Amino acid sequence: MTKREDFEAAAKARILIKDGPYGTEIQRAKLSPEDYAGDTGLNHDQKGNNDLVNLTQPQVIRKICDSYIDAGAHILATNTFNANRISQADYGAEGLVRDINVSAARIIREAVDERSAKDGIPRFVAGAVGPTNKTLSLSPDVEDPGFREVDFDTIVDVYREQCAALIEGGADFILVETVFDTLNCKAAIMAVKQLERELGCGDRLCFNDGRHAGLEILDGDRLDVHEERKRVRRDVVGSPGRAPRIFSEIRIVLYLEKRLGERRIGLSHRNDVGALRIDDGHRTALANPKAVRLSSKHAALGQPQFLE
């Protein structure tokens, strides 16, 4: 069977659990600037460049991945949210984009394959692709609404470079993550479609929607309008996500029920990594291995779990 067929079969057999964030878990490792930079020879301060850790401290990423597998996750994403040419330019590391993504995918691929070989449970590697820090729909200059820092073709090329490296490293599909601009999302989809044709590796696209207040994204699209745009891709898995402290859970539940009833697309729900608890000045991400383990228990009972 193809990876898509494997994924669909697994989704029919059980509720699949996705892992949680890497950024907050990397912070727990308390890496020094030297730990981040490793032997890359980069001149910029790399502290906070979590994507570079795939190259310089792969054991940290592997430990985090293993903790999510231990917690019951079936879909393991790569630590590559900002591993694109535009975002890495802030660190002077744009020349390492391919190496970062290949390494990231290989780390997760090895962890997944080793564990599935032991217990026979199907697991999947999702190559995570973030939105970049540029938007195609809005101008950064309020005095010049027609101005754009980048054009559509450039964003396509940026996504294509990252996705090609993720697939090379062993990703089963691409996770277009935290969408705030549907044009950026369209560019990502186009990049993946180009790779499918060129590499002969079809069915490579999964999808996750980052959502904001009012069930709208920043270019003004309503959620249902955005779903219509995505219908050009029949292998898209839609996810409304959840922005912390913004959505009421009842609105998410009603949306999920509506989409499940229509049966137009595959559907998932996951909590936003930005949801934090602050105790005595310490921030704790609520989407962490402990939370994934709790979600796994509820999934085993067939019960949806929405974390506060």
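**Strand pairing and aromatic contacts**

S2 and S3 run parallel and are joined by four bridges. The model is predicted, with local features needing pLDDT of at least 70 and side-chain atom pairs counting only at pLDDT 80 or more, while totals for chains, interfaces and linings use all residues. Residues are numbered from 1 along each chain as its sequence is written, and side-chain values use heavy atoms, with hydrogens and water left out.

Q: In S3, which residue is the bridge partner of Gly 127?
A: Helices (H or I, at least four residues) and strands (E, at least two) are DSSP runs, numbered from the N terminus. Two strands pair if DSSP finds at least two bridges between them, and S2 and S3 are joined by four. The bridge partner of Gly 127 in S3 is Ile 174.

Q: Which residue stands opposite Phe 124 in S2?
A: Strand S1 (residues 75-77) pairs with S2 in the parallel sense, over three bridges. Opposite Phe 124 stands Ile 75.

Q: Which helix makes a β-α-β unit with S2 and S3, and what is the hand of the unit?
A: A crossover is right-handed if, with the strands pointing away from the viewer, the path from the first strand over the helix to the second runs clockwise. The helix is H8 (residues 152-169), and the unit it makes with S2 and S3 is right-handed.

Q: How many of the residues of S2 are buried?
A: Buried means under 20% relative accessible area, exposed over 50% and partly exposed in between (1.4 Å probe, protein chains only). On one side Phe 124, Ala 126 and Ala 128 are buried, and on the other Val 125, Gly 127 and Val 129. S2 is therefore largely enclosed by the rest of the structure, the buried count being six of the six residues.

Q: How many aromatic pairs are there?
A: Rings of Phe, Tyr and Trp (its six-membered ring) pair if their centres lie within 6.5 Å; planes under 30 degrees apart count as stacked, over 60 as edge-to-face and the rest as tilted. The count by this rule is three.

Q: Why is the pair of Phe 7 and Phe 124 edge-to-face?
A: The ring centres of Phe 7 and Phe 124 are 5.2 Å apart. Their planes stand at 75 degrees, so the pair is edge-to-face.

Q: How far apart in sequence are the parts that Phe 7 and Phe 124 tie together?
A: Phe 7 lies in helix H1 (residues 3-13) and Phe 124 in strand S2 (residues 124-129). The parts tied together by this pair are therefore apart in sequence by 117 residues.
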